[in-house]
Amino acid sequence: MAAAWQDVVRDAAAVREAAAVAVDAALLAGVLMRTGEQPNASDVVNYAPFTLLPSAVPRALFEQAYAVQQDFNLLVDAVSQNKEFLEQTLASTIKVDDFTARLFRIYMQVLEEGLAQTVFLGINRSDYMFDCGLDGTAALRQIEINTIAASFGGLTSRTADVHRLVLKVLGKSEEASRLLPNNPAKGLALGIAKAWELYGSQRAVVMFLVEEIQRNIFDQRCVENELWNRNIRVVRKRFRDVFEQGSLDASRRLFVDGQEVAVVYYREGYVPQIYDEQNWEARLLLERSRAVKCPDIATQLAGTKKVQQELSRPGTLEKLLPGHPEAIARIRATFAGLYSLDEGEEGDRIAATAIADPDRFVLKPQREGGGNNLYGEELREVLEKIKDSPERTSYILMDKIKPQPALNYLLRAHSPLQVSECISELGIFGVYVRQGRELVLNQPAGHLLRTKATEHADGGVAAGVAVLDTPYLL
Ligand code: ADP
Ligand code: MG
């Protein structure tokens, strides 16, 4: 997967010219973010960070990632409906992880009352890196699956156009014509629209449940506007608004500020810091309601790292997806080594191995959003400290994936133009809709390539490390 652009990457004049074109093209195309200084106003905005050049991705692995997406949709949906599996899998975690425990409590409470929700909508993004073997061949390895608030489907619907122009400026029209079209915003909106339609009330709205600080609003607007195009009303509300203005009627239909809500699309709610008691109360109200939650709380739990680790145990997929041997084989082929740190011999052994050789592993808590994982010396120190305490079970261990780096330029507002050694992470969006027990929609919905400099172990565009990219298939 060596550099596809070796001839231009060191040509300073060509790079400078292309970068100026690229930044303006991104602004024109709407690849935008609000600024850190004014995160809640659109008076001053900037371009979202992106690579100057598209990054090379092996075609076979790209196709493999697309081909397994419906299987992952099926799997997430199956896990979300399997109370016994969720209970068993998360039993040790919720003893020590308060956040997961609180989510789990709402999950149980909602089940005990009986679900009012009959239509289910999943929007997820399965993320992968290309692990470079000793012989130089690359393999597709899943990093994680995001079942809540998987972002950048909107902005990335506009990055291929920018990269197409950049390649032309660099004299590579032929290569430019080979960049794939990509429109996750449309795909996600299709799923939301289907769920809205099945909910069955013309008057009801789609509610985007958004953060207090909304820097990434343009990404969400791309999906919102697709819904408006279909004449579906969209409102944006925070947990606090739901607490203050939300209520259920006798059949548990959800009303917020007087409007009936058909679909709640969470772009918030996956980190503990945002929940005070009022927001927890609002979350419970939403989950108890008849509205289609994307995701419902069971599906959020299905996306925990502990669940991911248990899925990799021999025999688990067979239990969850009986009668789907081919889907199981495709899913399993993407798994990296994942290890439980539950108390007992198995956990003791892997903890000792990781302490002796920390660079082989990543230590992951039950958190989302980037910047939470531990690597190298830090991994060793933390594991050394908690190895004999129950706290250990709030983490899992994973084999560290080692992709082949390539040179690129990361374009970021107010940052110097300099070449970086980079690695990429490919995400495939998936959307599905289930009515009762019947899956009425299940499809991939486009892709996202994010690239970061190799000096950062952890990633994430919102976390300020990775940037948007476009795959160039080789
Ligand atoms: P989060 O929920 O915070 O996004 P991830 O599991 O996606 O958690 O990890 C965050 C980032 O850390 C990834 O985007 C990737 O850059 C890096 N990372 C995670 N797991 C691995 C791994 N097994 N090998 C190498 N890098 C990893
Ligand atoms: Mg991630």
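**Reading a predicted fold: charges, burial and an annotated site**

Me: Where do the positive and negative charges of the protein sit on average, and how far apart are those means?

Reply: Lys and Arg count as positive, Asp and Glu as negative, with His and the chain ends not counted; a charge is placed at NZ of Lys, CZ of Arg, CG of Asp or CD of Glu. Here, the 54 positive and 63 negative charges have mean positions 4 Å apart. This is a predicted model, where local features need pLDDT of at least 70, side-chain atom pairs count only at pLDDT 80 or more, and totals for chains, interfaces and linings use all residues. Residues are numbered from 1 along each chain as its sequence is written, chains are lettered from A and ligands numbered from 1 in written order, and side-chain values use heavy atoms, leaving out hydrogens and water.

Me: Which residues does the UniProt annotation "binding site" cover?

Reply: Such annotations may be inferred rather than shown by experiment. The unreviewed UniProt entry lists E144, N146 and E368. They span 225 residues in sequence, yet no two of their C-alpha atoms are more than 10.0 Å apart, so they gather at one spot.

Me: Is E144 buried or exposed?

Reply: Buried means under 20% relative accessible area, exposed over 50%, and partly exposed in between (1.4 Å probe, protein chains only). E144 has 13% relative accessibility, so it counts as buried; N146, at 8%, is also buried.

Me: What does N146 touch?

Reply: Contact means heavy atoms within 4.5 Å. Leaving out residues up to four places away in sequence, N146 touches I123, N124, R125, D127 and E368. On that basis, the contacts of E144 include K305, Q308 and E368.
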